[in-house]
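Here are some notes to read alongside the model, for anyone opening it for the first time. Keep the viewer open and follow the points in order.

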Amino acid sequence: MVRHIVLFQLKDDPRKQEVMNAFKNAIESLPKKLDIIRDIHVSFNINQAEAYDIALVSEFDTLDDVKRYSVFPDHVAAGKLLADLKISRACVDYEL
């Protein structure tokens with residue numbers, strides 16, 4: 001089993017919360033469309049002293065499944081929701 005964690009830092013913008021909510025909804029709808037996702041959720045950072053705004057945590061059977069998920073059209077579209085506001089992204093994949 002592989003856990004895939006991605007953090008996103010976003011610009012301050014009047015649309016920020018709306019964009020974050022749209023991203024969360026898009027990502028969390030993916031298991032209905034892609035059966036290789038074992039678990040997935042998006043959370044928002046409540047600690048304003050920290051740099052990252054969004055944490056995406058998901059689980060897959062294999063790293064190859066993570067790679068398939070990364071190019072899945074609906075996942076790519078969800079990522080594009082953040083494009084205008086994204087400052088940075090950090091990612092780690094590890095075996096459970």
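1. Helices (H or I, at least four residues) and strands (E, at least two) are DSSP runs, numbered from the N terminus.

2. Some ground rules. This is a predicted model, where local features need pLDDT of at least 70 and side-chain atom pairs count only at pLDDT 80 or more, while totals for chains, interfaces and linings use all residues. Residues are numbered from 1 along each chain as its sequence is written, and side-chain values use heavy atoms, leaving out hydrogens and water.

3. Start with helix α1, residues 16-28. Its 13 residues reach 18 Å from the first C-alpha to the last, close to the 18 Å expected at 1.5 Å a residue (the expected span is 1.5 Å times one less than the number of residues).

4. Which residues of α1 are buried? They are Lys16, Val19, Met20, Phe23 and Ile27. Looking down the axis of α1, you'll find these buried residues within an arc of 100°, so they line one face of the helix (the arc is that of the directions from the helix axis to the C-beta atoms). On the face turned away from that buried side sit the exposed residues Glu18 and Asn25.

5. What covers the buried residues of α1? The cover includes the strands β1 (2-10), β2 (37-44) and β3 (54-60), along with the helices α2 (63-71) and α3 (73-80). Contact here means heavy atoms within 4.5 Å.

6. Now for β3, where 5 of the 7 residues are buried, so the strand is largely enclosed by the rest of the structure. β3 runs antiparallel to β1, with 7 bridges joining them, and it also pairs with β2 in the antiparallel sense over 7 bridges. Two strands pair if DSSP finds at least two bridges between them. Have a look at Ile54 of β3: it is the bridge partner of Phe8 and also of Phe44.

7. Next, the loop between β1 and α1, which is where Pro14 lies. Pro14 counts as exposed because its relative accessibility is 85%. From Pro14 to Ser58 is 44 residues in sequence and 28 Å in space, C-alpha to C-alpha.

Key: Buried < 20%, exposed > 50% of the residue type's maximum accessible area, 1.4 Å probe, protein only.
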